[in-house]
Amino acid sequence: MKTLQTLVSIAAVSTFCLTSTSVLLAAEHEHAEAWAAVKQAVAVLHPTAGNQCHGTVRFTQEGDSVKVVADVEGLSPGQKHAIHIHQFGDCTDADGTSTGGHYNPEGHQHGLPEKETRHAGDLGNLTADNEGKAHYELTVENISIAGIKNPIIGRGVIVHAKVDDGGQP
């Protein structure tokens, strides 16, 4: 029930421009070389019903790490907003619930980016300025764009209306 309450308060939802519903095991996949060449993905955020949040989230593979750069507008001014990668890139529900829960292929407890073991989709919080805009940069080591380690292609990105305190959602 707690997850449903979080999803109902979604500010924006997006799916990656490159989509694939299959789990990629790059080392065994017949197209491993092509997937290894994918070094960037962009999520374009569109508002969910009754919200104004929009923007982009860029993911860039840098060796074993992924740099995340988010530029978001339409947020509650001066407030923190949680940002997560969700299980599915399905954005058909107006409230964003079709994206499922946080992307968590390793079965870890929820946590903030400072915590080494956490959901692969836990990206922390954006802080909106007085105009409701946020720029956020983070480098994480628990995901990959299209590699073996928790690939994000085909997932959804959600910016929530509320702050993420690091507890279970």
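1. Lys133 is partly exposed, at a relative accessible area of 37% (partly exposed lies between buried, under 20% relative accessible area, and exposed, over 50%, with a 1.4 Å probe and protein chains only). Its salt-bridge partner is Glu131, with the closest N and O atoms 3.7 Å apart (a salt bridge places a side-chain nitrogen of Lys or Arg within 4 Å of a carboxyl oxygen of Asp or Glu). Glu131 is exposed, at 61%.

2. This is a predicted model, in which local features need pLDDT of at least 70 and side-chain atom pairs count only at pLDDT 80 or more, while totals for chains, interfaces and linings use all residues. Residues are numbered from 1 along each chain as its sequence is written, and side-chain values use heavy atoms, leaving out hydrogens and water.

3. The structure holds three salt bridges. In one of them, the side chains of Lys67 and Glu137 meet at 3.4 Å, N to O. This pair links strand 4, which holds Lys67, to strand 7, which holds Glu137, across 70 residues (strands are DSSP runs of E, at least two residues, numbered from the N terminus). Lys67 is partly exposed at 27% relative accessibility, and Glu137 is partly exposed at 45%.

4. Lys149 and Glu106 form a salt bridge at 3.0 Å, N to O. Lys149 lies in the loop between strand 7 and strand 8 and Glu106 in the loop between strand 5 and strand 6, so the pair ties together parts 43 residues apart in sequence.

5. Of the 169 residues of the chain, 44% count as buried.

Technical notes
Helices (H or I, at least four residues) and strands (E, at least two) are DSSP runs, numbered from the N terminus.
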